[in-house]
Amino acid sequence: SQSVVLILEDSVDETFGIVLNQPTKATVSQLWEKMGEVPCDNQLPIHVGGPDSGPVVVLHTDEFAADVPILPGVFLTVERPKVEWIIQHEGISQRVSLGTASWDARQLEAELAEGDWLVLPATQRLVFAEPENQWREAIHEFGRRFFRLTGIKLIPDDASVN
């Protein structure tokens with residue numbers, strides 16, 4: 001419920017993505033104590049990227065350390081040396097996740113046809129928004145896009161000023 005999912009790949013066989021707004025109480029530093037060879041003081045939370053197992057996935061803003069570009073200003077990295085470099089640099093916007101969300105062929109299309117998901121283009125701002133605000137920000141952006149399509153020009157962020 002109220003999950004914000006960034007779709008990373010959509011192919012004929014499968015669609016997969018990362019849930020963005022499911023932080024845990026565990027920190028990157030705690031995870032790296034168990035996995036890493038290099039000490040890490042990164043106190044950002046680890047996120048549950050979805051119910052499917054997978055590698056440590058880092059969404060971040062550093063093109064130098066990118067394995068895959070996702071959208072302008074957002075990159076994905078799973079290669080261990082690059083992940084270690086990114087998590088050592090807390091000045092880089094980053095989201096460290098364990099797990100992914102995936103759908104079988106045509107499953108997501110069926111869910112979209114049923115109206116189970118709201119869809120909008122991803123932005124760097126939304127990807128790295130605070131998890132507790134991501135759902136609200138995504139819904140507000142969805143509403144703004146809807147009203148732009150209908151020709152309504154002025155929509156205040158706070159309806160009480162209307």
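Two residues are in contact when heavy atoms of theirs lie within 4.5 Å of each other. With that in hand, welcome to this predicted model. We start with T100, which touches F16, G17, I18, G49, G50, P51, D52 and S53, leaving out residues up to four places away in sequence.

- T100 sits in strand β8, and T100 counts as buried because its relative accessible area is 11%, under the 20% cut-off.
- The C-alpha atom of T100 is 10.0 Å from that of I7, although 93 residues separate the two along the chain.
- S97 is also found in β8, which covers residues 94-104.
- With a relative accessible area of 1%, S97 is buried.
- Setting aside neighbours within four places in sequence, S97 has contacts with I18, V19, H47, G49, P55, V56 and V57.

**Helix α1**

- Which residues of helix α1 (residues 28-35) are buried? They are V28, S29, L31 and W32.
- Looking down the axis of α1, you would find these buried residues within an arc of 160°, so they line one face of the helix.
- E33 and K34 are exposed on the other side of α1.
- The buried residues of α1 pack against strands β3 (23-27), β4 (45-48), β5 (52-60) and β8, and against helix α2 (80-87).

**Helix α2**

- The buried residues here are V83, E84, I86 and I87.
- Why do the buried residues of α2 line one face of the helix? Seen down the axis, they fall within an arc of 165°, so they share that face.
- These buried residues of α2 pack against α1, β5, β7 (74-77) and β8.

**Aromatic pairs**

- How many aromatic pairs does the model have? The count is 2.
- F64 and W85 make an edge-to-face pair, with 5.7 Å from centre to centre and 65° between the planes.
- This pair links distant parts of the chain, 21 residues apart: F64 is in the loop between β5 and β6 (68-71), and W85 is in helix α2.
- F64 is exposed, with a relative accessible area of 67%, whereas W85 is partly exposed at 31%.
- W103 and W117 also form an edge-to-face pair, 5.9 Å centre to centre and with 80° between the planes.
- W103 belongs to strand β8 and W117 to the loop between α3 (107-113) and α4 (124-127), so the pair ties together parts 14 residues apart in sequence.
- W103 is buried, its relative accessible area being 7%, while W117 is partly exposed, with 29%.

Notes:
Residues numbered from 1 in each chain as written. Predicted model: local features only at pLDDT ≥ 70, side-chain atom pairs only at ≥ 80, totals over all residues. Heavy atoms only, no water. Helix = DSSP H or I, 4+ residues; strand = E, 2+ residues; numbered from the N terminus. Buried < 20%, exposed > 50% of the residue type's maximum accessible area, 1.4 Å probe, protein only. Arc of directions from axis to C-beta. Phe/Tyr/Trp six-rings, centres within 6.5 Å; stacked < 30°, edge-to-face > 60°.
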